[in-house]
Amino acid sequence: MDYVIRRLTDTDAPILWEMLYYGLHRGDESPPPDIVQRPEFSRFVEGWGRVSDAGFVAHDGETNEPLGAVWFRLPSGDATPELAFVVKPGQRRRGIGAALLTQWVRANPEQSTISLRVRPNNPAVRLYERFGFKIAQQSAEAVTMQRQA
C-alpha cells in the first residue's frame with residue numbers, strides 16, 4: 001500500500017478526533033465513541049488549529065483514507081508538551097509509524113523535551129526508543145517516555 005504523509009492543517013480536527021479514538025482502543029475492545037470527549041483525552045484535539053499546534057497525517061495514496069497521525073500542542077505554563085501518535089489498527093507494522101515519527105523529528109529538531117504516555121505492553125515502546133525516547137516513569141497502567149533533543 002502506498003501512503004502519503006502531509007502536514008496537519010487547522011481543518012484537520014475531524015481526522016484527529018478519529019485518530020484519538022483509535023488510539024484509545026485496547027486490543028479488540030472498542031471503547032464507546034464519546035470517550036474522546038473526556039477532558040483527559042479531548043485536550044489533544046479540542047480547539048485544534050492554534051499557532052503552536054503541529055503534526056503530520058498519513059493517508060492511503062489511492063483512497064485518501066487517514067491511516068495514522070502524529071501531533072503535539074504546546075501547553076501553557078511549564079508543562080512538558082505531550083506527543084499524540086496513532087496508527088489505525090490493521091495498518092500497524094507497515095512502516096507508517098516510523099515514517100510519521102521521522103517526519104515529526106525532522107520538522108521539530110528544536111523541541112528540547114517532549115513526552116508521551118503509552119501502555120507498558122505497547123510494542124511501539126521499542127519504536128519510540130529508536131527515536132530517542134527514554135522511559136521516565138512506569139506503572140502497571142502506563143509508561144511515560146521523554147525525548148531530550
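Modeller: In this predicted model, the side chain of Asp 53 reaches the backbone nitrogen of Arg 50 at 2.9 Å.

Biologist: Where is the place of Asp 53?

Modeller: Asp 53 sits in the loop between helix H2 (39-42) and strand S2 (54-60). Leaving aside residues up to four places away in sequence, Asp 53 touches Gly 47, Trp 48, Phe 72 and Arg 73.

Biologist: Is Asp 53 buried or exposed?

Modeller: Buried means under 20% relative accessible area. Asp 53 has a relative accessible area of 11%, so Asp 53 is buried.

Biologist: How does Val 70 count, as buried or exposed?

Modeller: Val 70 counts as buried because its relative accessibility is 0%. Val 70 belongs to strand S3 (residues 66-72).

Biologist: Which residues does Val 70 touch, not counting residues up to four places away in sequence?

Modeller: Among them are Leu 8, Ala 54, Gly 55, Phe 56, Leu 83, Ala 84 and Phe 85.

Biologist: How far apart are Val 70 and Gly 97, in sequence and in space?

Modeller: They are 27 residues apart in sequence, and 8.5 Å apart in space from C-alpha to C-alpha.

Biologist: What should helix H3 span?

Modeller: Helix H3 (residues 96-107) has 12 residues, so at 1.5 Å a residue it should span 16 Å. The C-alpha atoms at its ends are 17 Å apart, which agrees.

Biologist: Now to pockets. How is empty space found?

Modeller: Rolling a probe the size of a water molecule over the atoms shows where empty space is left. Here the largest pocket has a volume of about 1300 Å³.

Biologist: Which elements give two or more residues to the lining of the largest pocket?

Modeller: They are helix H1 (13-23), H2, strand S4 (83-87), H3, strand S5 (113-118) and helix H4 (124-130). The lining has 44 residues, and Gly 23, Phe 85, Val 118, Asn 122 and Tyr 128 lie nearest the centre of this pocket. By class, 22 are nonpolar, 8 polar and 14 charged.

Biologist: What about the second largest pocket?

Modeller: The second largest pocket holds about 240 Å³ of space. It is lined by 14 residues, and Arg 43, Arg 50, Arg 73, Leu 74 and Pro 75 are the closest to its centre. Its lining divides into 8 nonpolar, 1 polar and 5 charged residues.

Technical notes. Residues are numbered from 1 along each chain as its sequence is written. This is a predicted model: local features need pLDDT of at least 70, side-chain atom pairs count only at pLDDT 80 or more; totals for chains, interfaces and linings use all residues. Side-chain values use heavy atoms; hydrogens and water are left out. Helices (H or I, at least four residues) and strands (E, at least two) are DSSP runs, numbered from the N terminus. The expected span of a helix is 1.5 Å times one less than its number of residues. Buried means under 20% relative accessible area, exposed over 50%, partly exposed in between (1.4 Å probe, protein chains only). Contact means heavy atoms within 4.5 Å. A polar contact is a pair of N or O atoms within 3.5 Å; within protein, one must be able to donate a hydrogen and the other to accept it, and residues adjacent in sequence count only if both atoms are side-chain atoms. On a 1 Å grid over the protein atoms alone, a cavity is a set of points where a 1.4 Å probe fits but cannot get out, and a pocket is an open set with protein on both sides within 12 Å along at least five of seven lines; lining residues have an atom within 4 Å of a point. Grid points are joined across faces, edges and corners, and a volume is the space filled by probe spheres set on the points. Ala, Val, Leu, Ile, Met, Phe, Trp, Tyr, Cys and Pro count as nonpolar, Asp, Glu, Lys and Arg as charged, and the others, Gly among them, as polar.
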